[in-house]
Amino acid sequence: MSLVEKYAKVASGLSIGQFCPPACYELAGQKFDFVIDTGEETGDAILNFIDGTKVEWCMGASNGQLKVEDYECRKADDLTYLVTYCIEGKTPRENHTWVIDKEQSLVTFFRCSLGENPYWPYIVESHFGFGYIKREGVEHADYKRHGFTEDVKGTSVKWVYGHELATVHVYHSTNWYRIGYPKDRQMSKEAEAQNEMFQNILKELPSSDEPAYYVKIKEGVYLVSVTEQNMEKIIGDKIMFRSNTLCFLDNWNRMYSVGRGFGTSTMEGKESQIYVMIGKYGVPEEVDESFFTNPNPYLV
């Protein structure tokens, strides 16, 4: 038996996490004081990485109330880290994701929470703050921050998450994206059937447009966040993946990305939490011009 025959089904079972790189433990033992002075989420913050899996954190550092969570960390390049954790015991659920940019001594804070929308309790809302890493005895005089950008507009790319899992992202607007599926992808009959199922479900939507945020971290490195809000409102009970938010730290210099997924599943009538680390690589993909020009049916 070939190794492909032996292990391919095991790899497929990892789904969107198949190509996720190993966890990064480089931040263990380090403490960061942040000044988040721009955006919706502002104030002092602390991240104290106790070891490779536990972090103490505090928003509003003057309160001094440090909480401990299990965290995940992945790297986009040598000095840029994606750190994420879910707040244990908080209802509705909440996820914090940080981009720690040691090269420029900057930080992005990204808070995602359920339950803010009284009409759609599964919908995930996103809130951003931008700031810098405070260093004792060193004044941070530079006013530049990570921030929202139009750089990615006009881009289409095939992101490959596993040997049988790939999607096409079309960044047609500064606040929206569209999704498609590659036509030339070789896959097993099982994966083909699942792919066809998702495509048929998407046909029930006016379009695949979903809200998106694009943040420039540095040249060639962008934080991209997309959230399945319209899908949840229209066919959430059919798709069973309920308003998941996916954020990716994309390294375009190397055409790869690390990220995390956060949301809820109601597969087989059972509600379960989704929280998964993701890795993917990019392949140039041409799409029909209509992906960029069709009007967004969710806007007036």
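Trainee: Which residues does Met231 touch, not counting residues up to four places away in sequence?

Mentor: In this predicted model, Met231 touches Leu202, Leu205, Glu210, Gly236 and Ile239. Met231 is also among the members of the largest nonpolar core that touch the most other members, together with Tyr171, Tyr177, Tyr214 and Val226.

Trainee: Why is Cys24 in no disulfide?

Mentor: A disulfide requires two cysteine sulfur atoms within 2.5 Å. The nearest cysteine sulfur to that of Cys24 belongs to Cys73 and is 4.1 Å away. The structure as a whole holds zero disulfides.

Trainee: What makes Cys247 count as buried?

Mentor: Buried means under 20% relative accessible area. Cys247 has 0%, so Cys247 is buried.

Trainee: Why is the pair of Phe32 and Phe49 called edge-to-face?

Mentor: Planes over 60 degrees apart count as edge-to-face. The planes of Phe32 and Phe49 stand at 85 degrees, with 6.0 Å centre to centre. The pair links strand S1, which holds Phe32, to strand S2, which holds Phe49.

Trainee: Why is the pair of Phe110 and Phe128 called stacked?

Mentor: For stacking, the planes must be under 30 degrees apart. The planes of Phe110 and Phe128 are at 15 degrees and the ring centres are 4.4 Å apart, so the pair is stacked. Phe110 lies in strand S8 and Phe128 in strand S9, 18 residues apart.

Definitions and conventions:
Residues are numbered from 1 along each chain as its sequence is written. This is a predicted model: local features need pLDDT of at least 70, side-chain atom pairs count only at pLDDT 80 or more; totals for chains, interfaces and linings use all residues. Side-chain values use heavy atoms; hydrogens and water are left out. A nonpolar core is a set of buried Ala, Val, Leu, Ile, Met, Phe, Trp, Tyr and Cys residues joined through side-chain atoms within 4.5 Å. Buried means under 20% relative accessible area, exposed over 50%, partly exposed in between (1.4 Å probe, protein chains only). Contact means heavy atoms within 4.5 Å. Rings of Phe, Tyr and Trp (its six-membered ring) pair if their centres lie within 6.5 Å; planes under 30 degrees apart count as stacked, over 60 as edge-to-face and the rest as tilted. Helices (H or I, at least four residues) and strands (E, at least two) are DSSP runs, numbered from the N terminus.
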